[in-house]
Amino acid sequence: MDDISDEPALCGTPETCAEASSNGVWGEPALADAAAADVERSRHRAWLAEQWSRTSEQTRLGVFILLCAFSGLAAIPCAVLKESFGYGALLIVIAAPVAEEMSKAILPLMVLEKRPWFFGAYSSIVLVGLLSGAVFASVENALYFFVYIPPEKLTQGIILWRLIVCTAMHVGCAALACSGLARAWRRAREKRAEFEMVLAMPRIVAAVAVHGVYNLCALLFAIF
């Protein structure tokens, strides 16, 4: 009978095996008690611990700078395209907040899912969220000021509201969502393990909820 080591996920050198995902064959519940699977799980844990230990501060700084530069830009398509989908109540109150908050956090989330050790501090993840929210709000404000709102209806009150309140909402929600990512990152660092998205979800959901309530209030104000 073939040994578990014949599986594709376990072929090659121990180092190659260790670099495979924890979702490899040794992560299957049916193989939980297999001796070979235990060996591979141990190798994977050792590989993860090594990545956390050996990643340099220069690498982490470089990733942080790149995320600061591009994280907000990744949310711009969402800001531009959302107006083309109409103004239905469900879209405004539910779909738009989900899409916007995820788009503002998508790049740090992608890094955390694959290489959480590329971050060196809780605050760096939150700062990326703050910058992402600020860029998103700036682009959205520019669209409203110069494209969506006719010049004759663009009052000083609208300008101040968008610059202060809307910007604060976008920045605050993005920071809240990214603080959830940072919470999950901190747990992964403490355990020298992988990033677990489930730990970030409560704060991401809270950010979406705050955004949704704001949109609902704005919608009701526009109606009444």
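Q: Is Trp 47 buried or exposed?
A: This is a predicted model, where local features need pLDDT of at least 70, side-chain atom pairs count only at pLDDT 80 or more, and totals for chains, interfaces and linings use all residues. Residues are numbered from 1 along each chain as its sequence is written, and side-chain values use heavy atoms, with hydrogens and water left out. The cut-offs are under 20% relative accessible area for buried, over 50% for exposed and partly exposed in between (1.4 Å probe, protein chains only). Trp 47 has 12% relative accessibility, so the label is buried.

Q: How many aromatic pairs does a search of the whole structure find?
A: Rings of Phe, Tyr and Trp (its six-membered ring) pair if their centres lie within 6.5 Å; planes under 30 degrees apart are stacked, over 60 edge-to-face, and the rest tilted. Run over the whole structure, that search turns up 4.

Q: Which kind of pair do the rings of Trp 47 and Trp 117 make?
A: Their centres sit 5.7 Å apart. The planes are at 90°, so call this one edge-to-face.

Q: How many residues apart in sequence are the parts that the pair of Trp 47 and Trp 117 ties together?
A: Trp 47 belongs to helix α2 (residues 35–54), while Trp 117 is in the loop between α4 (89–114) and α5. Helices here are DSSP runs of H or I with at least four residues, strands are E runs of at least two, and both are numbered from the N terminus. The pair therefore joins parts whose separation in residues is 70.

Q: What is the relative accessible area of Trp 117?
A: Trp 117 counts as buried. Its value is 3%.

Q: At what angle are the ring planes of Trp 52 and Trp 117?
A: The ring centres of Trp 52 and Trp 117 are 6.1 Å apart, and the pair is edge-to-face. It links helix α2 with the loop between α4 and α5, 65 residues apart. Trp 52 is buried too, at 3%. As for the planes of Trp 52 and Trp 117, the angle is 75°.

Q: Which residues form one aromatic cluster?
A: The two pairs above share Trp 117. The cluster consists of Trp 47, Trp 52, Trp 117 and Trp 185.

Q: Where does α6 bend by about 30°?
A: Helix α6 covers residues 156–191 and reaches 52 Å, close to the 52 Å expected. Just after α6, Arg 192 takes a positive phi of about 50°. The bend itself is at Arg 162.

Q: What is the relative accessibility of Leu 127?
A: Leu 127 sits in helix α5 (residues 122–148). Leu 127 counts as partly exposed, at 36%.

Q: How many helices does the protein chain have?
A: Along the sequence the pattern reads α-α-α-α-α-α-α. There are 0 strands, and the helix count is 7.

Terms used: Expected span 1.5 Å × (residues − 1). Bend = angle between axes of the 7 residues up to and from the residue.
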